[in-house]
Every structure is written in C-alpha cells, then in structure tokens.
Amino acid sequence: MQKKIALALGAAFSISVAGTVLAASANLFAVVPEHHWSYSAVGQLAKAGIVEGFGGSVYREDVMLTRVEMAAIVAKAIAKADKAGSEDQAVIKKLQAEFAPELNMGSTDNTERRLEKLEKGKSSVKISGDARLRYQSNWNQNATNKDAKNTTRMEQRVRLNISSEVAENVTLLGRVAATNRSNVRGVNELSKTSKNNTVSFDRAEFQWKNKETALSVGRILPALGQGLLWDYNSVDGAMATYNFGNAQLSAGYGDLAAYTASGNTTNAFLANLKVNVGSATNITVGHLNTMSNNFLDKDKNKIQYDLEQTAVGFTTKTGEFTVTGEYVKNSDSKLPANAQDHGYWGRLLWKGIDNSKPGTVGISFDYLSLGNCAIDSYNNPGTLVVSGGNSTTGIGGDGAKGYGFGVQYVVAKNANVEARYYNLKPYDQGKSTFSSYKDSYHLIGNFKF
C-alpha cells in the first residue's frame with residue numbers, strides 16, 4: 001500500500017516538473033548504466049536521510065539497479081520532498097524528469113506487481129566487504145627523539161559485512177574481521193615479530209527501526225561526535241536513536257572491552273547529539289562515561305581508565321573545502337591532580353575522494369593538541385591513525401601536540417591509496433623527559449567489494 005501511495009505521488013508530482021522527459025523505455029527492467037548520474041544523485045539523497053535503498057536496505061551507489069527499481073526509490077524521495085532542502089529538492093526534480101515514464105505508469109501497467117515480485121525474488125542476505133593493507137611507523141607514539149629505532153609494522157585486514165532482514169522492521173547486521181600484523185618492531189628492537197589474529201565477529205547487531213526510532217542490541221558499532229572519542233568500534237550493549245527532523249539523538253550502554261580486548265569488563269554510558277544546520281554543516285555533542293574502571297594488570301598495578309568525556313565538534317563544507325573540528329574534556333573525578341584533561345583536533349580537507357570515481361583526490365591538513373588524560377591514547381578508539389599520546393594503559397603518559405598531512409587518491413573504482421605523515425611533540429614539553437616523538441608515517445591501500 002505504501003508503495004502505491006508513493007508511486008501515485010510520483011506520478012502526480014511528475015506532471016508539474018518542467019524540462020525534457022525521456023520517452024518510455026522499451027524495457028522497464030533494463031539496468032541503469034554503471035556511471036549514470038542518477039546513482040550519485042540518489043546517493044546524495046541517501047546521505048541526507050531522504051531515501052533508503054531498494055526494498056528498505058541501505059542505498060549503495062556501487063549496486064546496479066534497473067530503471068523500475070530506481071524509479072521506486074525516486075518515488076520515495078518525492079514523498080519526502082517537502083522535508084528536503086532546496087538543493088535536494090532540485091535533485092529530486094531532476095530525477096523525476098529522468099524516470100517520469102516509470103513514475104507515470106503508476107499501477108496501471110502492473111508496476112506494483114512487478115516491484116513486489118522483484119522484492120520477493122531477492123535474497124534477504126546481502127554481503128559486502130573491505131580490505132586494507134598498511135605500513136605504519138610510530139603509530140602509537142612509543143618512540144621519542146631519545147630512541148635510536150622507531151616502531152614499525154605491516155598490517156593486513158579483511159572484513160565481511162552481512163545484512164539480513166529477519167522480521168518486519170528488524171535487520172541483523174554482522175561483520176567478520178581478521179587482522180594480521182607482520183614485521184612488527186618495538187622501540188629500539190633489532191628483531192621483528194609477526195602475529196596472525198583469529199577470525200572474529202566484531203559486529204553482531206539486531207537493529208529495529210520504526211519511522212524515526214531505531215534500537216540496536218548486541219555487538220554494535222556506535223560513533224560519537226566527529227570521531228575523536230569513539231569511531232564505529234565494537235561495544236557489547238544497546239543503543240537507541242531518535243530523529244527529530246534536522247537533529248538526531250542517541251544514547252546507550254555497553255561494554256567497551258568488545259573493542260579494547262582488555263579482558264576487563266568496561267561498562268560505559270554513551271550518548272550523541274547531531275544537529276544539521278543547513279545542508280553543509282553539522283554540530284555534534286558526544287559523551288562517554290566509563291562506569292566500571294577499577295582494573296589491575298598482571299603485576300597488580302592499577303590500569304587507569306577513568307573517562308567522563310564530553311566532546312563538542314562540527315563539520316562544515318564550503319566550495320571544495322571541508323573543515324572538521326572537535327574539543328574534548330575529561331571530567332572524571334578520579335583523575336590525578338596534574339592531569340591534562342582536555343584537548344582538540346581539527347582537519348582542513350580539500351576536495352575529498354569518491355570511491356566510485358577513479359581519479360578523485362583528497363588532501364588534508366591536521367592539527368591536534370591532546371592532553372595526556374583527554375582521550376584513550378592506548379587503545380585509540382578514535383578516528384585518527386595516530387594514538388594522540390603514549391599511554392601504556394589507556395590514559396596518562398605525555399599527550400601529543402603537532403600537525404599532520406594526508407593525501408588520498410582513487411586509483412580504480414572501490415580502490416584508493418592513502419599516505420599520511422605526523423610530526424608530534426608531547427602536550428607539555430616542560431613536564432616531559434623528551435622534546436618530540438619520532439615521525440609517524442602511514443601508507444595505506446583501501447579496497448571495497
């Protein structure tokens with residue numbers, strides 16, 4: 001019934017669209033060409049939350065669709081046109097003109113029946129994946145200017161994503177991951193080691209969605225703020241999300257040990273607020289509060305993991321530039337008196353890659369200033385490729401301050417290469433026993449399938 005209403009709205013709305021409308025396609029089920037502009041156009045609407053993929057799944061620009069399938073998505077966009085911004089409304093009108101023949105058919109040519117048959121014939125299980133190869137030096141800031149040899153490692157990672165609709169409004173989201181590390185050298189060590197990790201599920205999430213409300217339970221992948229606190233890493237728990245038009249509020253509770261692999265239960269409260277200000281800017285407030293953090297290591301020494309973090313950040317895009325910034329403060333009452341409890345990070349990005357478009361490039365400049373107790377610089381659950389400090393347990397150590405550069409380039413569809421460099425010093429050189437960390441290099445190849 002909902003599809004009938006959407007198609008009817010599409011038909012009615014299409015009559016008011018000015019411009020050239022293509023003649024009816026001889027084959028409604030002909031595939032829309034791989035590089036057709038409509039894929040990226042619908043992708044833009046999906047990022048804005050106006051549409052989902054065909055059959056209610058997540059829309060992906062690299063999945064080929066027939067004209068009638070694309071028209072079904074466009075019809076859903078038309079139904080939400082009044083909630084879209086002016087730029088997205090223009091995209092919707094352009095899509096209407098392109099797929100007007102399919103939209104105008106409504107149910108008079110059995111379009112509804114054909115769509116239902118297509119959906120029933122499709123497998124409910126969807127599989128995708130990604131792979132990453134990277135070389136890193138001093139990623140954890142363990143090596144300083146007083147050391148003779150830097151830390152280095154090679155890393156290979158493969159992940160498979162599994163999605164399946166198990167009931168009405170309920171989807172199972174899973175991910176199998178394996179990471180191997182070779183040629184790992186510690187500070188000042190002459191020999192190197194290698195380790196093959198076992199395959200594990202880093203996501204096993206049941207997600208229920210109904211209109212503006214979503215609930216995720218199991219091994220979930222939450223993200224907080226702009227990514228400085230927690231960036232899509234595993235948590236064993238639950239999180240609820242509600243969309244208020246241009247704002248989204250999430251709150252949950254879970255065990256962070258699913259990611260840190262410490263073996264110690266680390267229950268925490270997590271919350272996030274994201275507000276879209278226009279089509280090019282968002283403001284975020286993220287919060288993470290560890291509720292169980294009294295751990296001892298094998299030598300009975302206390303592992304310091306006292307976190308009550310609040311992060312305020314933003315992302316805005318103007319022309320070819322995107323600016324991201326985030327400030328964090330750790331207000332935990334158990335921090336030592338001399339704790340450096342706050343910090344910030346910012347990034348200026350020129351252009352940016354699109355994995356579906358070979359030849360696209362992104363060049364970025366980072367600056368960070370993070371106190372030794374501002375973030376978890378041992379497990380590094382944030383978005384940065386460097387730890388932002390040299391803690392050996394979670395927080396503590398010397399923090400980090402300095403700059404970095406990065407370049408990404410798409411060499412082929414769904415394949416890009418990346419290079420990053422960071423020059424960092426301790427947060428407060430006057431309180432540290434060294435003046436700088438050794439340089440940090442990162443060479444990365446990313447692949448999606």
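I start with helix 3, residues 67–79: at 1.5 Å a residue its 13 residues should span 18 Å, and its end C-alpha atoms are 18 Å apart, so the two agree. The expected span is 1.5 Å times one less than the number of residues. Helices here are DSSP runs (H or I, at least four residues) and strands are E runs of at least two, numbered from the N terminus.

This is a predicted model, where local features need pLDDT of at least 70 and side-chain atom pairs 80 or more, while totals for chains, interfaces and linings use all residues. Residues are numbered from 1 along each chain as its sequence is written, and side-chain values use heavy atoms, without hydrogens or water.

Is helix 3 mostly covered or mostly open? Mostly covered: 11 of its 13 residues are buried, meaning under 20% relative accessible area with a 1.4 Å probe, protein chains only. Among them are R67, E69, I73 and A75.

Next, the cores. A nonpolar core is a set of buried Ala, Val, Leu, Ile, Met, Phe, Trp, Tyr and Cys residues joined through side-chain atoms within 4.5 Å. In the largest, with 32 residues, V328, L368 and L384 touch the most other members. Strands 9 (235–244), 11 (267–276), 18 (361–370) and 20 (415–425) each give two or more residues to this core. A second, separate core of 22 residues includes I73 and A75, along with V32 and L95.

Last, the lining of the second largest pocket: by class, two nonpolar, four polar and four charged residues. Asp, Glu, Lys and Arg count as charged, Ala, Val, Leu, Ile, Met, Phe, Trp, Tyr, Cys and Pro as nonpolar, and the others, Gly among them, as polar.

Methods
Buried < 20%, exposed > 50% of the residue type's maximum accessible area, 1.4 Å probe, protein only.
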